[in-house]
Amino acid sequence: MLATAFISQIQQRFSHEKRARVCLWFDPASEFARLLPVFSQHLAEMKNPPFRLLAYDRSQKHGQLWLKRQVWLARQEDPNARLVIHLPFPEERMSSPDENGKNHLELLLEFHIGGVDWKVAGKRPSLFSFLKAAGVRLPDGIGEQRKITDGGAESLLSKYSAKFANRAPAFWEETVTAELVQSRLVGDVDQTVLDLAVEPDAKWEALREEGHLEEFLTAVRDKLGNIPDTDNPTLWIKGLVESLALTEAFVGYGEPDDFPFADRIPPIRYRENHLNLVRRWLRDANCRGAWDRTVVEAEEHINLATWAKDRKGACYGFPHLVTQRWHDAVQSLVYSAGNPEQFVSHVAEVSPMIQREVEFTKASAAPADSWETLAGFTRFVAATEKAKQAAVDATSTAECLRVYLDFASEVDQAHLRLKGQAQEWGLVDLARIIDRTYATYANTLNQIFFTAYTATDTAEVPGLPFVTDQMDAHVWSPKGKRAVVIVDALRYDCALALKSMLTGSEVSVTPMRAMLPTITPFGMSALLPPNHGPDGLIEKGKLRVPARGGLDLGERSNRIKQMTAAGADCREIDTIENASAKPPKIPSLLVVFGHEEVDSIGHGDGDALIRHLHKELERIARVVRKLHQWGYTEVTVVTDHGFVLMDEENLPPEVPLPTEWCLVKKERYALIPAGADLPLKSMPMLWDSTIRVAVPPGFAYFKTEKSFSHGGATLQEMVIPRLCSKQRAKQQKVGVEILLAGAGTGLTSAAVKIVLRPINLGEEGELLAVSAMPRTLLLNVFRKTKEGPVSVLARGESKTAELKTTGELSLTLFFDSKFTVQKGEQLRLSISDADTGEQFPGPEGIILTASRDL
């Protein structure tokens with residue numbers, strides 16, 4: 001729009017002086033300097049430009065002689081040619097030099113006498129008057145006008161008009177205020193601050209080169225009041241972080257009169273902007289690392305812990321204050337647990353406060369405290385209380401089953417997860433409370449279930465189909481290519497957690513009834529195909545084990561023989577995991593066996609299982625995904641039994657059972673003669689009518705047991721999952737394009753900004769269908785040492801990112817502040833697929849070189 005308006009005004013000027021061939025354009029403040037390239041480009045693109053634009057430019061040696069020659073050349077080519085000459089001088093230079101005796105334009109005097117000068121409304125044009133004549137809406141107040149016009153070529157108006165010169169007239173209908181100009185030139189000021197914090201030197205220099213540094217600093221000053229007075233970007237950010245954190249602390253604790261740093265608090269009109277910026281920063285996962293790194297340095301000389309102790313209020317910018325409140329919150333929860341009548345209400349009361357803390361800590365790559373654990377604890381307590389009430393209201397096995405299934409994720413799985421987190425953070429007392437809270441619900445539910453279950457002489461539970469029947473219907477009898485993964489001791493709630501890991505597929509989890517007793521020989525035998533399962537029990541030392549034709553099915557090798565005879569191709573899970581390529585031909589029915597880690601670790605150390613459970617679930621998820629990649633559109637995961645995992649102090653007392661009554665006596669079950677009249681609750685044995693399975697009530701036991709156990713008839717042991725993962729169509733993961741922002745492979749700060757883009761191309765280069773799968777990536781930065789590669793990221797942990805099939809993903813990897821990187825040192829950026837280990841862009845990764853000491 002502006003180029004068109006300029007050309008129109010010049011043409012009008014020539015129309016007033018039809019004999020004139022040269023128009024002089026005096027611009028003493030160089031207000032139009034940034035627009036000259038825009039106008040020249042527009043004229044060059046016209047088929048028949050009405051005039052030619054020349055400019056006096058000493059840097060290009062385009063002085064008076066050069067201008068006179070250009071005019072002469074143009075007239076040689078076309079005697080009627082018209083020219084406009086831009087002169088960054090006042091009109092007075094035509095008749096006299098400046099105060100230094102320079103810039104006398106006497107060689108151009110003939111054009112001044114015989115030509116015409118550009119004027120707007122009869123006056124020498126200013127950028128303001130030109131834009132106003134062109135229809136741009138400008139402020140009326142003198143003060144507002146000066147904000148955008150002061151500075152000549154460096155004025156806000158000059159930069160703004162040049163940047164948006166080609167916009168349509170509708171763009172210029174909004175009044176051009178200083179605030180509007182700053183926001184459009186600099187963009188989102190707060191985001192620019194965050195970007196500057198991530199890469200101080202690179203971003204500062206970029207703003208300077210773009211000519212926007214002063215506008216940015218002015219915009220920040222207008223929003224926040226005083227800003228650091230330094231041209232060092234690192235010190236500027238450090239000063240800003242201190243100011244933001246102090247203001248947030250001051251306001252968060254009620255603006256008290258005794259605040260130790262009151263002299264550094266901005267006037268009240270700026271405080272809300274301080275709060276908005278610091279809280280946006282704390283929520284930003286890509287830039288949070290820059291805050292954490294900088295504020296730690298500030299805390300070396302700013303410590304408000306003593307001052308803030310026992311005060312009401314909260315702020316989230318200073319880690320030492322967040323930690324102080326975290327310890328207070330933990331103590332409060334532990335103390336309230338000593339009063340059961342008020343415990344649940346107290347937890348509900350503090351829950352919003354804890355969730356608010358989570359909001360401002362979850363973006364941190366290495367938080368000093370785990371507010372998420374406390375938030376999860378409050379949700380767990382609420383869910384457990386609700387589940388316990390539902391259990392009390394249950395009157396049948398079917399209703400008890402419904403309670404267990406409805407709350408398995410919120411209660412049973414949360415119990416394992418939260419206890420593991422509490423152990424990781426050293427919260428021993430909280431871990432005990434988590435156990436005690438869970439035990440109250442689980443004991444209540446299973447006592448009611450046991451009473452209803454043993455009231456009839458059948459092992460069946462309405463709504464809970466038997467595992468053998470389910471395996472026949474959904475695994476052994478169907479045709480087509482399918483794969484089965486057999487896992488030892490995969491509890492129902494663990495299967496729900498596994499389901500959440502299998503993104504990109506349709507996953508269902510169906511509950512089944514495990515075989516009693518709920519131990520591996522019986523549970524695994526119940527999975528076997530029809531006509532290959534047990535036909536009785538045999539003695540094996542002091543035990544009784546399932547058998548077929550006298551063959552001990554308690555032995556895995558014998559079970560594999562039965563499945564092989566039924567047409568299955570049986571392979572160890574390690575074989576599948578270690579396969580580097582898809583086999584040329586896959587069997588119609590693949591059975592993957594050998595995953596015993598959950599059961600093995602649990603029997604050794606229940607607490608160790610809690611710490612490793614998530615890793616084992618991830619391992620199973622990787623196997624399922626790999627089988628899908630091999631070509632199995634349907635993969636089923638099944639197990640033999642569940643388990644009980646509860647601290648021993650929360651278990652019911654031992655149930656006396658004379659050994660001489662039993663054929664087999666174990667912790668959670670006993671095998672007794674079917675004809676014996678004994679004061680025990682028992683169920684018929686499916687594979688041997690002469691034997692019955694006696695079980696203790698709920699979580700009780702016949703012999704002293706550890707925290708991890710199975711064999712009994714609790715819902716946690718008896719309800720086992722059949723997880724089925726189906727692919728909608730042939731799927732392939734998206735490719736990965738990697739872009740390094742900022743200085744690229746040259747490190748100028750202790751962070752790497754990365755942009756990941758999906759490449760939706762198949763193996764042959766064709767576009768993938770909409771069923772393309774997302775890809776979970778692990779990102780890390782390593783330095784080479786004598787001991788091998790060492791991660792420089794916080795906690796040495798890889799950052800996980802999910803690249804979806806559409807849209808790019810931006811993230812920042814922050815180095816741990818304990819590391820220093822010397823100028824010239826090389827680090828390796830590693831980006832790999834979390835499931836397959838595939839490296840991007842290749843096994844060597846991307847080499848980063850420090851451009852300075854970091």
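Strand E23 (775-785) is joined by four bridges to strand E24 (residues 788-791), the two running antiparallel. Here helices (H or I, at least four residues) and strands (E, at least two) are DSSP runs numbered from the N terminus, and two strands pair if DSSP finds at least two bridges between them. The model is a predicted one, in which local features need pLDDT of at least 70 and side-chain atom pairs count only at pLDDT 80 or more, while totals for chains, interfaces and linings use all residues. Residues are numbered from 1 along each chain as its sequence is written, and side-chain values use heavy atoms, with hydrogens and water left out. Within the pairing of E23 and E24, Lys784 has Pro789 in E24 as its bridge partner, and the two strands form a hairpin with two residues between them.

An open sheet is built from four strands in the order E14-E15-E17-E16, with antiparallel pairing. Strand E14 (664-665) and strand E16 (682-684) stand at its edges, and because each has a single partner strand, one side of each is left without a neighbour in the sheet. The partner of E16 is strand E17 (residues 691-694), paired with E16 in the antiparallel sense over three bridges, and Pro684 has Arg692 in E17 as its bridge partner.

Helices H19 and H27 have axes that come within 9 Å and cross at roughly 105°, which makes H19 roughly perpendicular to H27. Axes are lines fitted to C-alpha atoms, for helices over the stretch in contact, with angles running from 0 to 180 degrees between N-to-C directions; angles under 35 degrees count as roughly parallel, over 145 as roughly antiparallel, 65 to 115 as roughly perpendicular and the rest as oblique. Leu416, Lys419, Gly420 and Gln423 in H19 meet Asp607, Ile610, Arg611 and Leu613 in H27, where contact means heavy atoms within 4.5 Å. By class, this contact has three nonpolar, two polar and three charged residues; Ala, Val, Leu, Ile, Met, Phe, Trp, Tyr, Cys and Pro count as nonpolar, Asp, Glu, Lys and Arg as charged, and the others, Gly among them, as polar.

The largest pocket holds about 2200 Å³ of space, and of the 50 residues that line it, Gln421, His614, Glu618, Glu797 and Thr800 are the closest to its centre. Elements that each supply at least two lining residues include helix H19 (397-424), helix H27 (606-630) and strand E23 (775-785), and the largest share, ten residues, comes from H27.

On a 1 Å grid over the protein atoms alone, a cavity is a set of points where a 1.4 Å probe fits but cannot get out, a pocket is an open set with protein on both sides within 12 Å along at least five of seven lines, and lining residues have an atom within 4 Å of a point. Grid points are joined across faces, edges and corners, and a volume is the space filled by probe spheres set on the points.

The structure holds five cavities of 30 Å³ or more. In the largest cavity, Ile486, Met524, Arg556, Arg559 and Phe593 are the closest to the centre among 14 lining residues, and helix H24 (556-565) gives the most to the lining, with four residues. The second largest cavity is lined by Thr503, Arg625, Lys733, Met773, Pro774, Arg775, Thr776 and Asp835.

| Space | Volume | Lining by class |
|---|---|---|
| Largest pocket | about 2200 Å³ | 20 nonpolar, 15 polar, 15 charged residues |
| Largest cavity | about 140 Å³ | eight nonpolar, two polar, four charged residues |
| Second largest cavity | about 50 Å³ | two nonpolar, two polar, four charged residues |
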